[in-house]
Amino acid sequence: MTIQRVVTLDAVRIGDVGTVGGKNASLGEMITKLASAGVLVPGGFATTADAYREFLSTSGLDARIRLRLDDLDTNDVIGLAAAGREIRRWVIETPLSEGLVTDLTSAWETMEAATDGDLAVAVRSSATAEDLPEASFAGQQETFLNVRGLDALFEAVHRVFASLYNDRAISYRVHHGFEHHEVALSAGIQKMVRSASSGVAFTIDTESGFSDAVFITSIYGLGELIVQGEVNPDEFYVYKPAIGAGRPALLSKTIGAKQREMLYADDGVRTQEVDSARRRRFSLSDEDVTALAAQAVAIEQHYGQPMDIEWAKDADDGLIYIVQARPETVQSRSGRVLERFRIKATVEALVTGRSVGQRVGQGRVRVVRSPAEMHTVEEGDVLVADMTDPDWEPIMKRASAIVTNRGGRTCHAAIIARELEIPAVVGSGNATDVLESGTDVTVSCAEGDTGFVYPGLVDYDVQRIELDSMPPIDTKIMMNVASPDRAFSFARLPNAGVGLARVEFVINNVIGIHPKALIDYEDLPTELRTEIDSRIAGYPDPQTFFVEKLREGVATIAAAFHPKPVIVRMSDFKSNEYAHLVGGDRYEPTEENPMIGFRGAARYTDPSFAESFALECRALRMVREDMGLENVKLMIPFVRTLDEARGVIEVLEQHGIERGVHGLELIMMCELPSNAVLAEQFLDYFDGFSIGSNDLTQLTLGLDRDSGLVAKAFNERDPAVLALMDMAIKACQKSGKYIGICGQGPSDHPGLARWLMDRNIESMSLNPDTVLEMWLFLANEVPA
């Protein structure tokens, strides 16, 4: 029988997994089916599973390997390492078959003849059970880069064959029920991309499962360092519907440290430090990010499922190439039961880093400084290491959590933590120095993009939510969302949209600089400019930084909940809060009681704040008009008088923001007694009210809610406060306009929530951690 030992990639399709493995079959599928959609894939050839089996059987290796692996205990790390080492030595010592050498030579010479200059290739493994939806063999076998010449090719193929018996690959097959002899290996030989930058793209958010975003990581040079976790990459989110509509689609970007890069060398590859100037720039332009995301979406649409994609930008032609694509195997399997973890105590963290897994784990710390110490990890330990690689996988499954010094959210430790459904804090920088073996810690990845390692066993709880089984209630439950980095996760909760998105959260926590300081940048002292420079890295100028970061924050929340309404409250900082921003003390007055001072609408209409407000308006217009996120409604806070209401409307129109244009609705915070007393007149200028129960209570009862001396008198359920709420509700209902509430009251007091529902309030915007309990209470399914 004639054996086909080598095939060109353009001759295989996705149905040829049994012949060339999942990775190579996918490459062939994309080359032949997706070129017309703009997907660029370097060509090449692959050895077949038959060639691999011939190699094992004619030498008698297959029988020896079966015998060696029979009854192997993969929990015995030392025994596993010994078996793998011995089998790999057998494979390397066994010559490639004559037929395979001949066919590889022919394929190489054909590819070389079609290449300008010296031919360099990447040689990657592709297992025949690889990249099926129920398994991810990513990174378990070897990859060899910048392979030049036939002798180097033969050596790389030989080593790829041996890598099927790496410790992690043996352990994974046992753990997932794959018989060793049923898995074969194909070596994929693909023309190298001379990477200026490279990375990974997921067509689904890897943490929340949000399906309308492409998540991209990027570093300088070749991409191996990003998977190995040796560098902290740049990160980008791109909004899929905007790509399809031809609109600006970049939701957000975060600059990474990008400490090192891997480059071509005469004898393979080398690594070097990245200079500080390049580290302060993004490794991929906005245009390239969008172009890459468009390729990723085309691949996802072709396969009909979320994809995990590796890419590289060629330094010679400037084009972005896809070098691997496989099904995403974690979030795409998530069902309709949502688990939410919540830390119940306030504790100072020992270590922080990038959060992976949206879970909480606890256990004893086990610091592992080298593979030789891996056997010390016991069931339930918190594994702490500088970084991990696939050789660590046999012991990673023992861990209750993982903490690393290096790596981003697509590094090896992050990928495996998601597979194992345990939390991981990656890129902490100092975990191995700070954490001590034998001490108890709590690892929390349930608090947004930042992961925390707390001392001791901190109390936490877990909610399990059947997302399809929420009972009907007589009002809409919306959410108060401050942090954009939690928006994708919050959007999975039952909701009718966002009743309060706080612009000041983005200004305070993401931007961190007073807008006037950014406007006056050139006139600032050198020391202050230096601090600002460190914060605006990656952006062309200070004002663009403010506008773009604010746009990113609002757009992320709007996209997460689209097409549901997202009510964005424009900035409501008080003077003492603005003063705490970088440079803020140069611009803010000292007020005796900032709570009732220079805030809200009064700022928007004041000449001293005009340039700052213009930046805010630019950002919000970009979200609605450029990106097409017209589900955003704008809300104006702290409007004291009818004159202020008129003035705000005029200022907004000067900045191109006008009620009714592009479907824009303007909502007013009803949070002063004057708003309720003159509700019908205020509603002449706005499309509805959202009751701010915090300020309404303090101003009705004449107390400062920041003062501990009178805090006990603060009560949103006081009859006077309820009377004003009732007036506002009735006025909106009479006018046929929106009425909701976004204050703290209904989140804290079930009785108040019931009172509001009984008055047919249109919506209640609650803190996310109270949504489920309050929903079930209003449906009479749980007691108050």
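1. Contact here means heavy atoms within 4.5 Å. Helices (H or I, at least four residues) and strands (E, at least two) are DSSP runs, numbered from the N terminus.

2. A word on the source: this is a predicted model, in which local features need pLDDT of at least 70 and side-chain atom pairs count only at pLDDT 80 or more, while totals for chains, interfaces and linings use all residues. Residues are numbered from 1 along each chain as its sequence is written, and side-chain values use heavy atoms, with hydrogens and water left out.

3. Back to that pair. H19 (residues 542-561) and H22 (residues 610-626) pack at about 45°, and their axes are 8 Å apart. That angle makes H19 oblique to H22. Axes are lines fitted to C-alpha atoms, for helices over the stretch in contact, and angles run from 0 to 180 degrees between N-to-C directions. Under 35 degrees counts as roughly parallel, over 145 as roughly antiparallel, 65 to 115 as roughly perpendicular, and the rest as oblique.

4. For contrast in topic, look at H2 (residues 49-59) and H3 (residues 61-69), whose axes come within 5 Å and cross at roughly 85°. H2 is therefore roughly perpendicular to H3. Phe55, Leu56, Ser57 and Ser59 on the H2 side meet Leu61, Asp62 and Ile65 on the H3 side.

5. H5 (residues 98-113) is worth a look by itself: its 16 residues reach 23 Å from first C-alpha to last, close to the 22 Å expected at 1.5 Å a residue. The expected span is 1.5 Å times one less than the number of residues. Its buried residues are Gly99, Leu100, Leu104, Thr105, Ala107, Trp108 and Met111; buried means under 20% relative accessible area, exposed over 50%, and partly exposed in between (1.4 Å probe, protein chains only).

6. Gly740 belongs to strand E29 (residues 738-741) and is buried, with a relative accessible area of 0%. Not counting residues up to four places away in sequence, Gly740 touches Phe689, Ser690, Ile691, Ile761 and Ser763.

7. Finally, do check Lys313 in strand E12 (residues 307-314). Leaving aside neighbours within four places in sequence, the contacts of Lys313 include Val193, Arg194, Leu284, Asp288 and Ile320.
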